[in-house]
Structure formats: C-alpha cells, structure tokens
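Hi,

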Amino acid sequence: MSGTISEERIVGIDLGTTNSLVAYMQGDSPAVIPGEDGSNLVPSLVGLADADTGQFIVGNVARKVLIEHPERAIYSVKRLMGRGIEDIQDELKLFPFRIAEDVKPGEVLRIRLGEREFTPPEISALILRRLKKNAERFFGEPVTKAVITVPAYFNDAQRQATKDAGRIAGLEVLRLVNEPTAASLAYGLDKKKDGIVAVYDLGGGTFDVSILKLHEGIFEVLSTNGDTHLGGDDIDNLLLTIAMDDIVGDLKLDIRRNGEAVQALRKAVIDTKIALSSQTEAMIDVELPHGKRYQRAISRELFEQLAEPVIQRTVSPCKQALADAHLQPSQIDEVVLVGGSTRIPRVRALVRELFQRELHTELNPDEVVALGAAVQARILAGGSAATQDMLLLDVTPLSLGIEALGGVVAKIIQRNSTIPASATEHFTTGVEGQTNVAIHVVQGERELASDCRSLARFDLKGIPPMSAGLPRIEVKFLIDANGILHVSAREQRSGKQAEIEVKPTYGLTDDQVEKMILESFDYAEEDFRQRQLIEARNEAETILHALEKGRRHLVWHRLSKQESQEIAQREAELNQVKAGQDHKQIRAAIEELNKVTMRLADLMMDSAVASALKGKSMDKTEFKNDVTAPHPIAPAEIK
Amino acid sequence: MLHLAQTETGAACWSCGQAASGHFCEACGKIQPAQGTDYFSFLGLPRKLNIDTAALEREFYRLSRKLHPDLFARGSSREQEWSTEKTSQLNDAYRTLKDPIGRTQYLLELEGVKLEEQSRNATDAARQSGTEKQQVVPPGLLEEVFELNMQLEEMRMNKKMGEDDPNVTRDLQQARDRLEQKFSQLGDELKQIWDEWDALPELQNTQARTTVRDRMVDLLNRRSYIRNLVRDVNEALA
C-alpha cells in the first residue's frame, strides 16, 4: 500500500463557482496548470455542444453555447451542490437554472440541459474532468488523485456532493481542504512566520472568513464563519436588475424571457463591475435584439452604493469568527485577501476597517486557493523540504446536533471544533420490545431541528427486544479530516453491532455515484471515441457469438459451399479489425458480415416460426436475444 | 457517510507482533489501534486539575504531528482509520482539557457525577411540563435574585409600554456589575478547590474526595446560575 503514491501526481483543484483551476508543486513552489487555450482559469461553465451528439464542452469554449443556446448551458452550479429544491427558491429567481419539474423536496436536484437531466455533482464532475485532462496533457501521464477545495462554510451534504463529483470524474479525492485555509498555506509557504492570520475570502458565490494561528509550521484554524450563498454573483445580479429595468423603461424592450439577450447583458455588467475596480466610471454597453443598444455609464459611487448591502453581509460573519476565536481585531497580525471580489476597492476598505490591518494581496486572489491545494497535495504525498513541518489543523464550521424531544437540537459537536472530532451518544428504546430507533442528525446553530440543515436520518436496526429503556445503544459520530460525518453504533448490553441504515437527506447513494461514473463516459468529450469503440466491439462480439450458434443449427447445412466460405472470410476479417482502435472499421466489417449472413438468419427465423407452430416455445430456438435482464444498478430510493 | 468498524484492542503490535502499548509500536513504529480511553490518560497526564496549558498546547502540537491523518494518506486504510480516530480523541481531549470549566466538568464526569445527564433531564422535564427550566437558586444568592427578578419584571413592563425608567436601568446595571464581580470571584474559588483536589491522594474514594467533589459541583451550579442571570439582565438592558 504505502510507498507507491509518492511517485504519483496529486494535483490541487479549486472548484470555484465562477472559475476553476488545477495546480501542482513545481519543485518547491506551487504553480497553476494552464489549459489548452493558455489560460489558468477554466470558467465553471458547462454546455452541450450540440443537442444530438450529447457532447459536453467546458470552460471558455462553452461561452458560445451559453450565449446562443442558454438552455443547453449551465454556470454557478456550485450554488446547487448538496442542496434541495426547497433551499434554492431564492437562487431560482436570480439564476437561469432549469430544474427538472418532478424534483421533490428532499431529493437530489436534477438540472435540465437540452433534453437530458443531470445532478449537480455530475455537472461539477465535467468541470473536474476538464481540469484532470489539462493536467494530464501537461504531465503527459494519467492523473487520478486530487485535493479539492471547498468553502469553509460548506455543510456535510455540500462536502459529500463535492467528493462525489470527484469520484464521478475519475479522481480519488484524498482530501477536501477549506478554501481560506488553503490560501493561508500558499501564503505561509513564503512567510514561515508565527502569528494570527485572518483570511477574508469573497468569491463568485461564496464567502468565508477564517482565523488561523500559525505556529512553527502548524496552521491551526481557530474559527471560521461565512455564507455559502454570498459573492460577486450577487453584485452582478443587482447591476443586471438595474439594466433590465432601464431596458424595459427606456427601450420598451422586455428581454427577461430572452436567454440570449440576458446572457449578453450579464457579461456586459460583469465587464463593467471589473472595470470599476480600477476606474471611477465605466460603461455598460451591449447590443440587444431588434437592433437596439443599451448604454449606461455607472460611476464607482453608484456601484458602491448598490453593492454596499451585499458587502455589508460579510461583516457579521467576520465579527462572529473573531468572537469565536476569543480575539480582538487588534490581536490579528496579518490579513489575507482571497477571491476575485476582493479586488473591489470598497471591499478592501471594509476589511481594513474591520481588522485594522494592512492587507496581503501579493498572490493573485483568483489563484491562491488552487496554489494552496497544491501545497496540501504535496503534504499528503509525503512532503518535501518546502512543506517540511507544515500541518493543517482545520475545524468544522457548523455544530452537529441530534433532534431531541420536541424538535429541539441537542448539540453533540460544537462549531469550530478541530477535526477530526467525535462524540458518543447513548440512546434507548421507549416501547417494550422495540427493535428500531430512529435518529435525525442535523447541522447548524439554530435551536429547532427544522431550522437546521438536515443531514441524515438513521435507523438503528436489530436491537434485541428488551423492556423499554433497557437497551443501551452507543452511537459514535465522527467528523473526519474532510469535514464529513461518519456514524457507527453498538448495542452495549448485547455487544451487538447495531445495523445502521443511513438516508442522506440530499446526498447520492454509493450505487448512484457508481452508476454516474459509468454514465459519465457517455458524455465526456474525449471518452466519446473510446465509448464508440467499446460499443462497436460489443456489437462485433454479439454477431460473432450468434454466428457460432448458427453453425451448430440444423439449417447451417442448407447453405451453399460458396455461402459458407464467404461467411468464414468475413468472419475472419471482423475478428481481425475488432482488435484495432478504429470503431468505423469494426462497424464496416460488422456490416459486411451481416450482409453475407442474411440468408442464414432468414433460414433460422423460418425454422423458429415452424417450431413455434409445432408448439415449441420461442425460447428453445437458437437465434434469439436473451431476455433483457433488469439493470444491475437500479437507482436507490432516497426519502 | 460510512460505517467505522469498531477496532479491537490488543497487546501485541498488529504489524510486527511485539508487545505494544501507547500510540505507536516501540519496536516498528507503526500506529496502533485506537482505544477507548479517558482524555487524561490519552495525553499521559495525571487526573489533576492544575494543568500547565502551555505544556498542554506543546503536547497537542507534538502529537498532532505524529497522529494526524495527513501523515497517513499513503498508509493502509486501517492505519488511516486509526489515525483519524486517534486524532479525534486528541482533538477532543485538548479542547476539553484546555478550558478550565470543561476540564473540571470532565473530571467530575469521570468521578461519576452525571452533570450532563442531570442538565438534560431537567431540560426534558421542563419541556414536557411546558415550563421553563428551573434552576435551584443557590442559597447565598436568594435575596439578590428576589430583588433582581422584580427589577427585571419592571424593566420588561416598561419596555412593553415603551417607557424608559432610568432608575430601573441603573439598578439593573449595578446588579449586573455585582454579578459579574461574583462570577470572577468564582474563578479564584475554583482554583482553591483545584489545589485541594490535586493534593488529595489518588485511588482512594475517601470522604475527603467526596467533599471536595461536591463543592466543585456546587460551584459549577452557582457559576452557571450567575451566568444565566447576567444573560437575562443583558437581554433586558438591550
């Protein structure tokens, strides 16, 4: 087991709301791996290239699809990871997500793209697969292991969904690292200085703040807070709303139902937002349908007024993080800025105000998280001189609780506990002879279970029947280094390992993930060819197998010598090409063999019909496909 | 979510078969299975309440550098599991023992005092009867609490009526200051009881132990009572 991984590449991936990146350790410093277009950032944008072939394209190349066929493209899918339909009502008002109509509360979401439906982890997997390909192209060898970053404030379901996405993309996810923590690793590599660091991470769709204590290479997170639905996207939406109102009012044009025009306008307002970080005024300028054009100058003052409520939402998480770390702003030694939205001057001013410190912006705020992920990948691979003595001690962002009597939450692991963290609880029965106990696990800070995020319901089964209150079931909850919960249980009086049936509230079952791994081959860009080859080979096997049976059939002797010779020749040809790599050649050979065996097939069919008339069952005839077996991986039910 | 298999504890190292105790095999250096243990034993500390917290932190960092799952990413799945479990024990132990109150409560639980169960039962009972959880007023505070409750009631009434009586506000602020002073005095008192506890001979369930233990329970109850009072006053003043 050990000793092999160090030779393998482990990449660090920042799977962002707006952009995603893959990085690795180049010698002793982390570096981003560019894509084919030379760009370090892969926009987290997935589109169906055309409705028929079902081929996906990811990143910048998908922009054209987004503009021309918005119904076949999706962006900001990170906002949907690990969430249910009832959680995303606000999102649906602002983002053009097309959720399948039959998704019920408590189910994993399905997004419509063209004619098909995909879960958020499957879409994210397409982005990860693109990054994987970029890395493989760069190294010239397969990449199968990765560290992936997640917002520190992601809950269990969101983390699990990210891990599932990795698996679907063919990546073994060795660790999920919190984004602000990763950023501090990237900074810590040069600094190697002890002290208290605050990381303020405002990205496209998520906000995190983490307070860390750096001590001789140990990065100990003291507290973290945030909002997984707050970011630059929200500012874009405000600008977009203003522009739409203008367009309706001044140009008498309602473009809300015109996906193409909305996307063009969205791009224009984002350009304006970016320009306003370096200029005091910028123009929204966009061509609209019917030859109309929208232009409006936006001053930085107006922009800041508009963005202020969004930016202010980051204040209370910062204060809470400080309070949880038992620190005053004056005790913070350094402040690190992460995420594209920290380029906004007003954001910088606010952070300066909050922490009363100058800000670190030496590293590119778009890249620093991926760079940190690469550092952590190196640590997991066994480390090197550069990462010597570096160790991350992270925390769980949310309290873990169990629903108790009256629907209130009994907290068993407090937020900001260093992970791995565990808690042991004891349960008993309330009814004579009861053999099952149901447990509802939630995450969050609120008093009532209904106000927290439901993680899972457990059924403890197989409890030996005893008087009420006599069984003593010990349930152990363990949050691992990825921030993901594991549960085990034991009945203590009988010593029996209680069986647990876990129903994740918004997660995919293992079987579903396995199925998606298989299906993902159908959709991957470059695997498409491989898939066609496999299918052609399978078809070749089927016809060769049928021919084998035909040889043993009575009607075989009714073929002429020339006919059977011709069959033998085509058979040999197919056998030869099927070992090759060209699916078209295989298909052609199949076609040829089909042609020369047509009379054989007819003869066999006639004979089958004759047998059937004699009362024999069709099953007994040779030339018949096997009855279709039920799919080996039927979707599991999640309630 | 996965099931974590329960690990068996054995005296021989799973890897080399030599006798092994502690977190690592002395002979081959391999991590050993996690065992059910108390936080003091896990960190190799005596069950005493005066702890050098700087030394505790150093030990926490030292063990983290040896046990953390990041160091076993290349190990077998068993070793990864044990490392996760042991690190969770380490983290839980450090978190509990570095906090003076958490440490005292934990030690009392080890000594058989069911603090948490008592509190939870009281909460459940209160909820079932639909009343607020009643804490027994510590005898030394009876008079103070009686007066305070009247002032709080007055303050709430005033608030409801939209009135503002500076006298009540001032009284409450003064009461809060007195309570906070009492609260911080409890810290000194606790330190005294710690010293007494630590001076007692271990392994003997003598009358002296029971007496000191009960005094600690009493102090923690008073402490939590005062903390709740301060919270109520702050809410009323807000």
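A word on conventions. This is a predicted model, so local features need pLDDT of at least 70 and side-chain atom pairs count only at pLDDT 80 or more, while totals for chains, interfaces and linings use all residues. Residues are numbered from 1 along each chain as its sequence is written, with chains lettered from A and ligands numbered from 1 in the order in which they are written.

**Confidence**

The model scores ipTM 0.82 and pTM 0.79. Chain A averages a pLDDT of 85, with 89% of the residues at 70 or above. Chain B has a mean pLDDT of 81, and 85% of its residues reach 70 or more. Within chain B, helix α5 (residues 115-128) has the lowest confidence, a mean of 63, and α2(B) the highest, at 94. Residues 1-9 of chain B are below 50, with 22 contacts in the model beyond near neighbours in sequence. Where pLDDT is low, the predicted coordinates should not be read in detail.

**The two chains**

Chain A has 16 helices and 27 strands, whereas chain B has 8 helices and 0 strands. Both kinds of element are DSSP runs numbered from the N terminus: helices are H or I, at least four residues, and strands are E, at least two. Of the 639 residues of chain A, 44% count as buried; for the 238 residues of chain B the figure is 22%. Buried means that 20 or more other C-beta atoms lie within 10 Å of a residue's own, exposed means 12 or fewer, and partly exposed is in between, with C-beta atoms placed from the backbone.

**Core**

The largest nonpolar core has 156 residues, and A:Val11, A:Ile13 and A:Ala23 have the most contacts inside it. Such a core is a set of buried Ala, Val, Leu, Ile, Met, Phe, Trp, Tyr and Cys residues joined through C-beta atoms within 7 Å. Leaving aside neighbours within four places in sequence, the contacts of A:Ala23 include A:Val11, A:Val32, A:Ile33, A:Ala370 and A:Ala374.

**Sheet and hairpin**

Chain A has an open sheet of 6 strands in the order β18-β17-β12-β13-β14-β19, with mixed pairing. β18 (359-360) and β19 stand at the edges with a single partner strand each, so one side of each is left without a neighbour in the sheet. Strands β12 (residues 195-202) and β17 (residues 334-338) of chain A pair in the parallel sense over 5 bridges; strands count as paired if DSSP finds at least two bridges between them. A:Val199 has A:Val336 in β17(A) as its bridge partner.

Elsewhere, β15 (residues 281-287) and β16 (residues 293-299) of chain A pair in the antiparallel sense over 7 bridges, and A:Glu281 stands opposite A:Ser299. These two strands form a hairpin with 5 residues between them, and A:His290 in the turn has a positive phi of about 60°.

**Where B meets A**

Helix α2(B) (residues 53-67) has 15 residues and reaches 20 Å from its first C-alpha to its last, close to the 21 Å expected at 1.5 Å a residue (the expected span is 1.5 Å times one less than the number of residues). Its buried residues are B:Phe60, B:Leu63, B:Ser64 and B:Leu67. Seen down the helix axis they fall within an arc of 110°, so they line one face of α2(B) (the arc is that of the directions from the axis to the C-beta atoms). On the other side, B:Ala54, B:Ala55, B:Arg58 and B:Arg62 are exposed. The buried residues pack against β14 (218-227) and β19 (391-393) of chain A, together with α3 (77-98) of chain B.

Cheers

Notes: Two residues are in contact if their C-beta atoms, placed from the backbone, lie within 7 Å. pLDDT is the predictor's confidence in each residue, from 0 to 100.
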